Structures are given as structure tokens and as C-alpha cells.
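The following exercises are intended for a reader who is meeting this structure for the first time.

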Amino acid sequence: MKTTILGLKGRILTHGPNEERGFALCVGLVLAGGVIWLARSPLVHPDWVLAALAGWGLMWIIGPLTQAGAHGGVLRTEWFRLLPARPREVARAWLPSEFAGVGPLVTLIALAAIVVYAAPAGGLAVAVAVVAVAGQLAVLVLLSKTMVLLIGGVMRTRFGVEVAAFQMSLMLAIAFAGWIPFAAPVVPGPGQRGAPFDLLALAKSGLPAGVVDVLTWSPVGWGMGAARAAVAGDLGGAAVFLALLVVLAVALAALWRVLMVRRLSLPPSRPVAATGGGREPYLASILGRSPVGAVAARELITWRRDPARALELRHGLLTPALMGVIAGLSGWTWALPSVGALIAMFAAMASVNLYALDGTALWQTLLTPRAIRADVRGRQLAWGLLFAVPALVWTVVSLPLTGAWWAGPVAVGAAVAGLGVGAGMIVLLGVTMPAVGMDARHRTELGQRAGDPSGQQMLLWIAVGAACAAPSLLLLLVGGDPSSWLHQLVASALIAAAGVWLPGRIAIVRLTRGGDEFLLALRSGPATAAQKARDAWRKALTQARAKTS
């Protein structure tokens, strides 16, 4: 059975959609090559190799948080529930397949930096390094897969959703703003002199002793710790680190089997309509007096009840707020007014796939006379109430708290323009570039193949970011004053109005003229939608080549 499951995963990896895996492989190989270069370079202290490998291991730990509620793998447990075998036997046969994939392969290459570091010390140090690489890889993979199963169980509760939302938002905030504590002493603020910065001296000097001890004795640093002990001639210390890796790997494998057996023993989940949920929000009852208001009221209720949307709502608000906290604690209080613009960017990224998340429920809108315009504008109105109000309140309140009045016009203008363009782009990309996944009526768990809008999110990040900078750039081009409240408000209001109306109008026309094709794409599922997109792209390329020739 082990060979069968491993072969099944191999065939899915080789014959399934490989765009994301190919991109991840390319990026991973570049990063792994960078880690190996650190180990070979005489200009870099070994502490930085330890830090790089610890950061790599940390990504294995926090990675499951980005897939909160998802199954976290290529194989799915429901495929094996009806096999004529006990769940314990299936789990035992499943375990080797967890080490097959892009992630373990790239991680193995990155961990080869340990062998490169130990090579000058002789054959014994290399032997220790090879064993350390195997043990470290086993620990990282098993720890990540175990966390996936643990989080999958926790996400079945509302409290688990809240915890996962905060953890993922914190991880994203650290990923985007984790450099600020290191940059703040060098660039403390506008008009202030920072400390001198010498990158070469920092690379040669290494990390503080306390940081090195923490990284070395954490599970993500045990492999490098064994190699460093072997290079220093301390074979007893190397044996301790290797023993820790073996013990932890065995313990994680046992825990993984217990959790997987429990997962395989669960009965199949069935979709349940969330028709209850308590009283409707008061604001929703007021908005429901017009067609646009009725759609906005429905959207507000859906954002609160749908677990997938509720998770994105928290990400869109928590991530920028936590980035502001990091900046404030680092001394960059002058940057806090810019969090409003960041909320616009993250909220747009979190909301780009609304139509695909709703799935084939769109047929009700298409069959209702004059409902398409109300649907598009109502979604924009609800999005503004959910995200625009907190963004503007944060921007205005942060000005007197930080004393950064000089940044007020630019910050408010950026937030207003970004929110307007974001409100328009979410509906435009939602109907022109949907990331189709499992239909909403078939999803039984949070994150269950709901579509991957990563490409659309990157496009929105660029578009909304450009919109945030547009008012100041426009004023500079026409001879206005970017530091003037009046000029900024007029410019940002014009950009926001155009950003709301024009993309929304295009989305209305798109749904009016091609709503049946769009509904068919939502019904067909991700594979058919992706194939149609590839066929359309190839057709466009063929037509372009024919015109040029």
C-alpha cells in the first residue's frame, strides 16, 4: 500500500496543474542556492547560515497557518475512507508520501548547506552533517504535517477560526513589516540622523550570543548545531543534537499517525446551510429598503456568517493593524497614518474572489430583472462599510496621537484613493478573473478548495498601491500642492469616484452580456476554468502572431 499511495501522489504531482508548483520550485531553488552560498562564502559568519536555516524551518512551522482549514496536501482523506483496510494501516502507508513534493525537495537542497559548512573540517564532520540533514528534514516535514492536522481539527470551531485568523495575520504582518525593527535605528524618521550601517561588517561579525543560543537550541537549529559541534571537535555535543532530532522525529511521527487515524475515522462531512445565525445587524435592516441596499445587507450578513469570508475579513483588518503596531513599537510612529492605505490594499486582496466564493448562486441574480447593477453596486457598498470606515477612522485618529500632522493630507488622500479603486477592482477582477474552486454548496470545511486567487491578489496589490500614490503624483504633475488638505481631498475624491464607477460599470456590462458563460465557468470547476483560460490565451497569441506575420 505504501508504494500505491506514493505512486498516486507522484502521478498527481506530475499530471496535475503544475503552474504554482513550478513557480514554487524555481523560487525555492534560488533561495536554497542563496543559503548554500552563505555557507561557502568566507565573508559571511556561520551564524547567518544558522539564522537562514532557522528562518527556513520557521516557514515550515507557520506555513500551515496560511492554509487554515485546508487539508494541506495533494492527497485527501476522503479518498481512502472506503478502502478495505484499517485507518491505522492506511496512516502507516500514507506517511512516506508526506516526504514527496516540492517543499521537501527544496528544503533538502537548502539543508545541504550544513554539509557544505562541515566539509572543510573532514570526513567525520561531514558524516555528522549528513545525518543532521536527514534528521532536520524529518523533523521539519513531520512538524508541519502534524500542525496541518491539528489546525484542521481546531478550525471546526468558531474559536479556532479566530485564533487561526490572528495567527495568520501576525505571520503576514511580520513577513511584510519584520524589517522595520532593524531599519528603525538606521532611519529613525524624517529629518533625524540614524546610526551608521556597514553591511559587510555585520555579515562578518555574526549575531549576538543570546540570539545564537536561542536559534541553536530550538528544533529548527538542531541540525546546524550538530554540525557546528562536530566542526569544533565536540562529538559529544553533536551526539546530543542528533539524539534530539531522532527523538523528536519519532515522537512527531507517532503523533501524526494518531491524528491521521482520527481523521480517517471521521464520517464524511455534509454541507449544511447556515440559515440561522441570530438576529440580523441593525445596519443591514436599514440598508434593505432599496435594491442596492438589499444586496449590501445580504453581503454584510454573508461576511459575518460565511467562515471563508469571515477569515478574509479579519485578515484584511488585522494584518495592517499589526503592521502598524510593529512600526509603532520600533519607533516609527510617524508611519502609523499610512495604515489606512494598507487596509485598502489588504482588504482588496482579501475580497478579490467574492463571485467565485459564492459560486453558482449567481443564477438567482442573472434571472432577476435589473438585479445585476444592484448586485455589483451593493457589493461595493458593503465592502466600503466593512473596510473603508475603519481605514479612514484609523488614519484620522492616528494623526493627533502621533503628532504627524505633516503626513495627514498625503495619508488621507492615499487612503481615499486606494479605497475607491479597491472597491471597483474587486468586482471587476471578480467577474473577469475568477479563481474557481469547489462550489459553495459542496464545501463542507473552511478552505476546502475554494480557489486560489494569488495572481489576482498580486495584480490588485499593484493597482491599489498605485492608486494610493496617484493623488500626490497627480498634484505634482499639474502644479498642485500635495501637502494641502484641499488639493489632496479633491484629487483623491476624483480618483476614488472614477475607481468605484468605471470598473463597476465594466463588471455590470460583463455580467449582462456574458453572465451565462461566467456561470458556466463557475459551475465547471477549477480545471475546466483553467483550461478555458489557457485556450483563450493561446488563441490570442495565435491571432497576434498571424497579424504580425
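Predicted model: local features only at pLDDT ≥ 70, side-chain atom pairs only at ≥ 80, totals over all residues.

**Exercise 1. The chain as a whole**

Task: State how many helices and strands the chain has, and what share of its residues counts as buried.

Solution. 
1. The chain has 23 helices and zero strands.
2. It comprises 549 residues, of which 45% count as buried.
3. Among contacts with a separation of 6 or more, 80% are between residues 24 or more positions apart.

**Exercise 2. A network of charges**

Task: Determine which residues are linked in a network of salt bridges, and trace the bridges that involve Glu299.

Solution. 
1. A search of the whole structure finds seven salt bridges.
2. The network links Arg298, Glu299, Arg309, Asp358, Asp375 and Arg379.
3. Begin with Arg298 and Glu299, which form a salt bridge whose closest N and O atoms are 2.9 Å apart. Arg298 is partly exposed, at a relative accessible area of 34%, whereas Glu299 is buried, at 1%.
4. Glu299 also meets Arg379 in a salt bridge, at 3.7 Å from N to O. Because Glu299 lies in helix H14 (residues 291-305) and Arg379 in helix H19, this pair ties together parts that are 80 residues apart in sequence.
5. Arg379 forms a salt bridge with Asp375 as well, with the closest N and O atoms 3.0 Å apart. Asp375 and Arg379 both belong to helix H19 and are four residues apart, about one turn of the helix.
6. Asp375 has a relative accessibility of 1%, so it counts as buried. Arg379 has a relative accessible area of 4%, so it is buried too.

**Exercise 3. Aromatic rings**

Task: Describe the geometry of the aromatic pair formed by Trp217 and Phe241, and identify the arginines that lie over the faces of Trp303 and Tyr355.

Solution. 
1. The whole structure contains seven aromatic pairs according to the search.
2. In the pair of Trp217 and Phe241, the ring centres are 4.7 Å apart and the planes are at 35° to each other, an arrangement classed as tilted.
3. The pair links distant parts of the chain, since Trp217 is in helix H10 (residues 209-217) and Phe241 is in helix H12 (residues 235-265), 24 residues apart. Phe241 is buried, with a relative accessible area of 6%.
4. Elsewhere, Phe176, Phe346 and Trp461 form one aromatic cluster.
5. Arg309 lies over the face of Trp303, at 5.3 Å from the ring centre. Arg379 lies over the face of Tyr355, at 4.0 Å from the ring centre.

**Exercise 4. Exposed nonpolar residues**

Task: Name the residues of the nonpolar patch on the surface, and decide whether Leu401 and Trp406 are buried or exposed.

Solution. 
1. The patch is formed by Leu381, Leu385, Val389, Val393, Val397 and Leu401, which together have about 490 Å² of accessible area.
2. Leu401 is located in helix H19. The cut-off for an exposed residue is over 50%, and Leu401 has a relative accessible area of 68%, so it is exposed.
3. Trp406 is located in the loop between helix H19 (372-402) and helix H20 (408-432). With 53% relative accessibility, Trp406 also counts as exposed.

**Exercise 5. Sequence separation and distance in space**

Task: Find how far apart Trp406 and Ser483 are in sequence and in space, do likewise for Val161 and Arg314, and list the contacts of Ser472.

Solution. 
1. Trp406 and Ser483 are 77 residues apart in sequence, and their C-alpha atoms are 7.3 Å apart.
2. Val161 and Arg314 are 153 residues apart along the chain, with 9.9 Å between their C-alpha atoms. Val161 lies in helix H7 (residues 158-177) and counts as buried, at 9% relative accessibility.
3. Ser472 belongs to helix H21 (residues 454-478) and is buried, with a relative accessible area of 15%.
4. When its neighbours within four places in sequence are set aside, Ser472 is in contact with Val410, Pro482 and Gln488.

Technical notes. Residues numbered from 1 in each chain as written. Heavy atoms only, no water. Helix = DSSP H or I, 4+ residues; strand = E, 2+ residues; numbered from the N terminus. Buried < 20%, exposed > 50% of the residue type's maximum accessible area, 1.4 Å probe, protein only. Contact = heavy atoms within 4.5 Å. Phe/Tyr/Trp six-rings, centres within 6.5 Å; stacked < 30°, edge-to-face > 60°. Lys NZ or Arg CZ within 6 Å of the ring centre and 35° of its normal. Patch = residues over 30% accessible without salt bridge, like charges linked within 9 Å, V, L, I, M, F, W, Y side chains within 5 Å. Areas by Shrake-Rupley, 256 points an atom, 1.4 Å probe, with all protein chains shown as cover. Salt bridge = Lys/Arg side-chain N within 4 Å of Asp/Glu carboxyl O.
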